[in-house]
Every structure is written in structure tokens, then in C-alpha cells.
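Work through the exercises below with the model open. Try each task before you read its solution.

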Amino acid sequence: MRRVIPIILLLVSFATYSCTSIKGNQELKSTNILKKVEAVNNVEPEQLTYAGFLKNIWNFEKTPQQWIYEGDKPSVIDFYADWCGPCKRLAPIMVEMAKKYNGKVKFYRVNVDKEKKLASAFNIRSIPAVLFIPKKGKPMMQVGLLPHSTYVKIIDEQLLNKKTQIKK
């Protein structure tokens, strides 16, 4: 009987540990799946720095006379400031469009107060200013807060070469 009790205790503790371990693995898998889903749903414009611009968009220090786009998909860059009212109204539109065009168009934001050298390179004098960059061809800048539908039309027609349907 004295030998049986330690064996029973050993088996009970082993079973408890095994069940906890399985449950822990299931929770870990569930957490990883949730993180992947959140990553897809939490698509937001990426903050862009001067160095990031040179690397991912256009290295104008290397080729100042020739536009050579470094990206692999069209891009939209929102030049903004934290204190700017129209910029604050544009921010959720950019987030919504980043979700809508996820995988097709890359969205960036440039804080002109923090990235003065980059804002100066583009002669940004009024914000919000949005730079639309097609994969091939020259970029175009739109200054001021525009209606949501205008941004969608520019992205569809100029960046993705789609014809937008005018709703009647």
C-alpha cells in the first residue's frame, strides 16, 4: 500500500501537468491566430521618416534629377501635423483606405513638424498634402482636405488604373 500511494500521486500530478500543457498550447495557438487577425484588421498608414523615404520611396539624394520609385506597389503619403484640424479629419479616411486597399496600395504618413527636411524637399507649405505615387510614372500631389470619394477616385484611376463608376 505504501508503494501504491506514491505511484498514484505521481500519476495524478503527471495527468494534471499534461492537461495544463495541452490547454496552454491551445491558448497559445488561439492567441497567435488572434494576433494574425488583428494584424490584418489593424492596417494603418506607416509613419515615414526621411531615411525611410529615401529607402522605400525615392532616393532624391542619389538621383535628384530623375524620379526612380523604390516601392513594389503604388503608395499614398499623407503629409500632416498633429495641430492641423483638416489633417485630423483626414487621418480616419487614410486608415479606412489603408484597410480597403490593403495589399494593393501602401499608405504612409509624414509628420511635417518632425520631418522638416523631408517636408522641405517637397516644398510643403500647406497641409494636409497627399502625394499619390503610381508604380510607374510620375507622382501627383493634392493639397487640402478633399472628399473621401475624390481620394478613392484618384487611387482607383491613377494608381490602380481602374475606371470608377459614377453613382447616379
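This is a predicted model: local features need pLDDT of at least 70, side-chain atom pairs count only at pLDDT 80 or more; totals for chains, interfaces and linings use all residues.

Residues are numbered from 1 along each chain as its sequence is written, and side-chain values use heavy atoms, with hydrogens and water left out.

**Exercise 1. Trace the sheet.**
Task: Find the order of the 5 strands in the open sheet.

Solution: 
- Strands are DSSP runs (E, at least two residues) and helices are DSSP runs (H or I, at least four), numbered from the N terminus. Two strands pair if DSSP finds at least two bridges between them.
- Read the order: E1-E3-E2-E4-E5, with mixed pairing.
- E1 (46–47) and E5 (140–143) each pair on one side only.
- Take E2 (residues 75–80) and E3 (residues 106–111). They are parallel, over 6 bridges. Ile77 has Tyr108 in E3 as its bridge partner.
- Take E4 and E5. They run antiparallel, joined by 4 bridges. Ala129 is bridged to Val143 in E5.
- Check the hairpin of E4 and E5. It has 6 residues between the strands, and Gly137 has a positive phi near 105 degrees.

**Exercise 2. Classify ring pairs.**
Task: Which kind of aromatic pair do Tyr50 and Phe60 form?

Solution: 
- Two values describe a pair of aromatic rings: the distance of the centres and the angle of the planes.
- Use the cut-offs. Rings of Phe, Tyr and Trp (its six-membered ring) pair if their centres lie within 6.5 Å; planes under 30 degrees apart are stacked, over 60 edge-to-face, the rest tilted.
- The structure holds 10 such pairs. Tyr50 and Phe60 are edge-to-face, at 5.8 Å centre to centre and 85 degrees between the planes.
- Tyr50 lies in helix H2 (residues 50–56), and Phe60 in the loop between H2 and E2.
- Compare Trp67 and Tyr69. This pair is stacked, at 6.4 Å and 5 degrees. Both residues are buried.

Key: Buried means under 20% relative accessible area, exposed over 50%, partly exposed in between (1.4 Å probe, protein chains only).
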